[in-house]
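Here is a friendly walk through one protein model, from the whole chain down to single residues. Please keep the viewer open as you read.

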Amino acid sequence: MGETRSVQNAPVVVELYTSQGCSSCPPADELLTLLAQQDDVLALALHVDYWDYIGWKDEFASPAHTKRQKGYAHAGARRMIYTPQMVIMGYEDVVGANAPAVAEVIRKYRQTPQPVALRAEQVGAEVTLKALAQQNVSGSEPLLIHLARYEPMQTVSITRGELRGHTLNYANVVEELSVIGQWDGSGEFSVTIPVEGSEKTAFFVQQGAHGRIVGALKLD
């Protein structure tokens with residue numbers, strides 16, 4: 001049956017929109033590597049595909065990541081998308097290489113209790129995630145329960161494009177970001193899913209597709 005373990009934490013969620021084809025991204029990639037080492041931060045690298053035309057195709061890029069970034073821009077009434085961008089807790093827009101600004105926003109969210117408490121119980125290769133609202137989180141859009149699967153570290157030698165000749169490290173590269181449930185915020189939400197493979201796993205609850213993140217949990 002396998003070992004049973006319970007997990008409960010509330011990390012600050014930081015999404016970095018980056019690209020191997022973007023010459024200004026490495027400082028933000030390095031910053032995300034530092035954030036990934038902090039227990040109370042869920043740092044996620046979402047590589048976008050709109051710089052691939054310059055001459056280097058980012059092997060981690062996904063059109064879904066570009067679409068998610070565009071959704072954030074629309075929600076925040078921003079006309080353009082850019083790299084490197086960090087979106088913190090689904091709401092704060094920060095230039096990804098601006099370490100002092102990123103640290104200040106993270107500090108603010110560290111001091112703010114998350115409205116939704118998440119806890120997980122893992123038995124072997126199955127995880128049961130449960131969510132319970134600590135505050136009123138009901139709204140016009142449903143709460144979406146997201147699953148994130150990511151590789152802790154990837155190293156890439158870039159031979160073309162703006163970063164040709166560089167070998168770079170990328171932390172917490174998102175390989176899967178999917179919605180595993182919807183919830184209205186009442187009662188207790190529960191879902192059981194398989195989590196097999198070498199990737200790390202995390203969950204977060206978001207108000208609609210591009211709204212505020214109101215709860216998060218790192219399984220690993």
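## The chain as a whole

Residues 24 or more positions apart account for 68% of the contacts in the protein chain with a separation of 6 or more, where contact means heavy atoms within 4.5 Å. This is a predicted model, in which local features need pLDDT of at least 70 and side-chain atom pairs count only at pLDDT 80 or more, while totals for chains, interfaces and linings use all residues. Residues are numbered from 1 along each chain as its sequence is written, and side-chain values use heavy atoms, with hydrogens and water left out.

The protein chain has 3 helices and 12 strands; these are DSSP runs numbered from the N terminus, with helices being H or I of at least four residues and strands E of at least two. A compact globule of 220 residues would have a radius of gyration near 17 Å, and the chain agrees with its 17 Å. That radius is taken over C-alpha atoms, and the globule rule is 2.2 Å times the number of residues to the power 0.38. The C-alpha trace spans about 50 × 45 × 30 Å along its principal axes. Of the 220 residues, 49% count as buried (under 20% relative accessible area, with exposed over 50% and partly exposed in between; 1.4 Å probe, protein chains only).

Let's look at strand β4, residues 85–88. Q85 and V87 point one way from β4, M86 and I88 point the other way, and all are buried.

On one pairing, β4 meets strand β2 (residues 12–18) in the antiparallel sense over 4 bridges, and Y17 stands opposite Q85. Strands count as paired if DSSP finds at least two bridges between them. β4 also pairs with strand β5 (residues 92–95), again antiparallel over 4 bridges, with M86 opposite V94. β4 and β5 form a hairpin with 3 residues between them, and M89 in the turn has a positive phi of about 55 degrees.

## Cores and helix α1

Which residues touch the most other members of the largest nonpolar core? They are V14, L35, L44, M86, I88, V102 and I106, out of 34 residues. Such a core is a set of buried Ala, Val, Leu, Ile, Met, Phe, Trp, Tyr and Cys residues joined through side-chain atoms within 4.5 Å. The elements giving two or more residues to this core include β2, α1, β3 and β4, and the largest share, 6 residues, comes from β3. A second, separate core of 21 residues includes L118, V137, I145 and L217.

Helix α1 (residues 26–36) has P26, A28, D29, L31, L32, T33 and L35 buried. Its buried residues pack against β2, β3 (41–47), β4, α3 (99–110), β8 (143–157) and β9 (167–183).

H47 has its place in strand β3 and is buried, with a relative accessible area of 0%. Leaving aside neighbours within four places in sequence, the contacts of H47 include D58, H65 and Y170.

Q122 lies in strand β6 (residues 116–123). Is Q122 buried or exposed? Q122 counts as buried because its relative accessibility is 13%. The side chain of Q122 reaches the backbone oxygen of G124 at 3.0 Å. Beyond neighbours within four places in sequence, Q122 is in contact with E3, T4, R5, V127, V195 and L219.

Methods. A polar contact is a pair of N or O atoms within 3.5 Å; within protein, one must be able to donate a hydrogen and the other to accept it, and residues adjacent in sequence count only if both atoms are side-chain atoms.
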